Amino acid sequence: MANVTLGGNPLHTNGELPANGTPATDFSLVNSDLGTTSLDAYKGKKLILNIFPSIDTGTCATSVREFNKKASSLDNTTVLCISRDLPFAQKRFCGAEGIENVVTLSDFRDGEFGRNYGLELLDGPLKGLHARSVVVLDENHQVVYTELVPDIKDEPNYDAALSAL
């Protein structure tokens, strides 16, 4: 179990982020067309998993915008923005913002991704959603960087995530 805060108030996750050097756990997430996708769909690609509670909050929206800006210049890298939002909300947000350089994926069906990656919030007003975090995978889908943002209201360290590639 890891500890984070929301505006200074303590929250707990169901586990810990995967360790650097370990293989990424496979997943089944819902894309914007309501189909499912897995880690295998990104075989040979470096991945940045930008994970957050909800795209309809200020900091979450900012992280999607920032990674969208930075992703356009990355070679052989895909940014996956993952939350428990419905795919309709993710698609609406990206359409309204002109965001085209990231892929939004939803864990709304069963929350398995959040549990498997140790990110499911167990208490507080965001119980059941994902803690804000970043996981970077190399082209072999080995974990090369993780960040569990200490306070959910704060942005992740974009530069550290990008330099891990």
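In which helix does Glu-66 lie? Glu-66 belongs to helix H1, which spans residues 58–71. The views below show a predicted model, in which local features need pLDDT of at least 70, side-chain atom pairs count only at pLDDT 80 or more, and totals for chains, interfaces and linings use all residues. Residues are numbered from 1 along each chain as its sequence is written, and side-chain values use heavy atoms, with hydrogens and water left out.

**View 1. Glu-66, Lys-69 and Lys-70 are linked in a network of salt bridges.** A salt bridge is a side-chain nitrogen of Lys or Arg within 4 Å of a carboxyl oxygen of Asp or Glu. Helices (H or I, at least four residues) and strands (E, at least two) are DSSP runs, numbered from the N terminus. Glu-66 meets Lys-69 in a salt bridge of 3.0 Å, N to O, and the two residues lie 3 apart in H1, about one turn of the helix. In the salt bridge between Lys-70 and Glu-66, the closest N and O atoms are 4.0 Å apart; these residues are 4 apart in H1, again about one helical turn. An α-helix has 3.6 residues a turn, so residues three or four places apart point the same way.

**View 2. The surroundings of Glu-66 include Glu-155 and Tyr-158.** Glu-66 touches both of these residues, not counting residues up to four places away in sequence; contact means heavy atoms within 4.5 Å. Relative accessible area sorts residues into buried (under 20%), exposed (over 50%) and partly exposed (in between), with a 1.4 Å probe and protein chains only. Glu-66 counts as buried because its relative accessibility is 18%. Lys-69, at 54%, counts as exposed, while Lys-70 is partly exposed at 24%.

**View 3. A salt bridge joins Asp-33 and Lys-91.** Their side chains meet at 3.8 Å, N to O. Asp-33 lies in the loop between strand E3 (28–30) and strand E4 (36–38) and Lys-91 in helix H2, so the pair ties together parts that are 58 residues apart in sequence. Asp-33 is exposed at 63% relative accessibility, and Lys-91 is partly exposed, with a relative accessible area of 46%. A search of the whole structure finds 3 salt bridges.

**View 4. Helix H2 has a buried side and a face turned away from that side.** Its buried residues are Pro-87, Ala-89, Gln-90, Phe-93 and Cys-94. They cover an arc of only 165 degrees around the axis, which puts them on the same side of H2; the arc is that of the directions from the helix axis to the C-beta atoms. The face turned away carries the exposed residues Phe-88, Gly-95 and Ala-96. Gly-98 follows H2 and has a positive phi, near 70 degrees.

**View 5. Leu-47 lies in strand E5.** This strand comprises residues 46–51. Leu-47 is buried, with a relative accessible area of 0%. Leu-47 and Gly-114 are 67 residues apart in sequence and 17 Å apart in space, C-alpha to C-alpha.
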